[in-house]
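Take a look at the model below.

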Amino acid sequence: MTQGQWRLRVSSDFSSSHQLRHYEGKCENMHGHNFTVEVDVVGESLDQRLGILMDFKALKRLLKEVTDELDHKHLNDLPDFAEQNPSSELLARFVFRRMKDLLASYPVRLAEVMVSEKASSRAYYSEGSV
Ligand SMILES: Nc1nc2c(c(=O)[nH]1)N=C([C@H](O)[C@H](O)COP(=O)(O)OP(=O)(O)OP(=O)(O)O)CN2
Ligand SMILES: [Zn+2]
């Protein structure tokens, strides 16, 4: 019999400036975005009494810990982006790695992180199958 799985998604926003080094075009200049981040976690076992996989409140609190590191910053000034560009792709990986550490003691697995500068442009990051 196939075992079912639940997937939870929470989102958060942050506002920051960045510039893409070596980009030939206007994105090489400093500019800002209202970024959106989505985090997906999966798991097979619900808390028996509550019927929940993980409290959305707890998941949002962890995500806010991560986005607070990015909010109202010039992203190129952060150590993680001193050499690599704060592109949507690398921001998604940054959030994924931070969230993976923070979720270590929770009964869920991190499935995917999405970062978007605007609704029409999204970058997704995941590691292997979950
Ligand atoms: N794959 C990626 N491509 C681009 C990224 C990125 O992170 N990953 N980032 C940028 C710049 O940050 C730029 O600010 C985004 O540009 P965008 O808003 O999409 O471009 P426009 O202002 O011209 O918007 P239109 O929707 O095309 O009018 C660039 N690329
Ligand atoms: Zn940009």
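Two strands pair if DSSP finds at least two bridges between them. Helices (H or I, at least four residues) and strands (E, at least two) are DSSP runs, numbered from the N terminus. This is a predicted model, in which local features need pLDDT of at least 70, side-chain atom pairs count only at pLDDT 80 or more, and totals for chains, interfaces and linings use all residues. Residues are numbered from 1 along each chain as its sequence is written, and chains are lettered from A and ligands numbered from 1 in the order in which they are written.

Start with the hairpin. Strands β3 and β4 form it, with two residues between them. They run antiparallel, joined by five bridges. One pairing sets Val113 against Tyr125 in β4. Strand β3 also has β2 (residues 31–43) as an antiparallel partner, through seven bridges. There, Glu38 stands opposite Met114 of β3.

Now find Leu110, which lies in β3 (residues 109–118). Is Leu110 buried or exposed? It counts as buried because it has 22 C-beta neighbours inside 10 Å; the cut-off is 20 or more other C-beta atoms within 10 Å, with C-beta atoms placed from the backbone. Beyond its neighbours within four places in sequence, Leu110 is in contact (C-beta atoms, placed from the backbone, within 7 Å) with Val41, Phe96, Met99, Lys100 and Leu103.

The residues around it (C-beta atom, placed from the backbone, within 6 Å) include His31, Ser88, Glu117 and Ser121. Elements α2 (88–102), β3 and β4 (121–125) each give two or more residues to this shell.

Note on methods: A residue is buried if 20 or more other C-beta atoms lie within 10 Å of its own, exposed if 12 or fewer, and partly exposed in between; C-beta atoms are placed from the backbone. Two residues are in contact if their C-beta atoms, placed from the backbone, lie within 7 Å.
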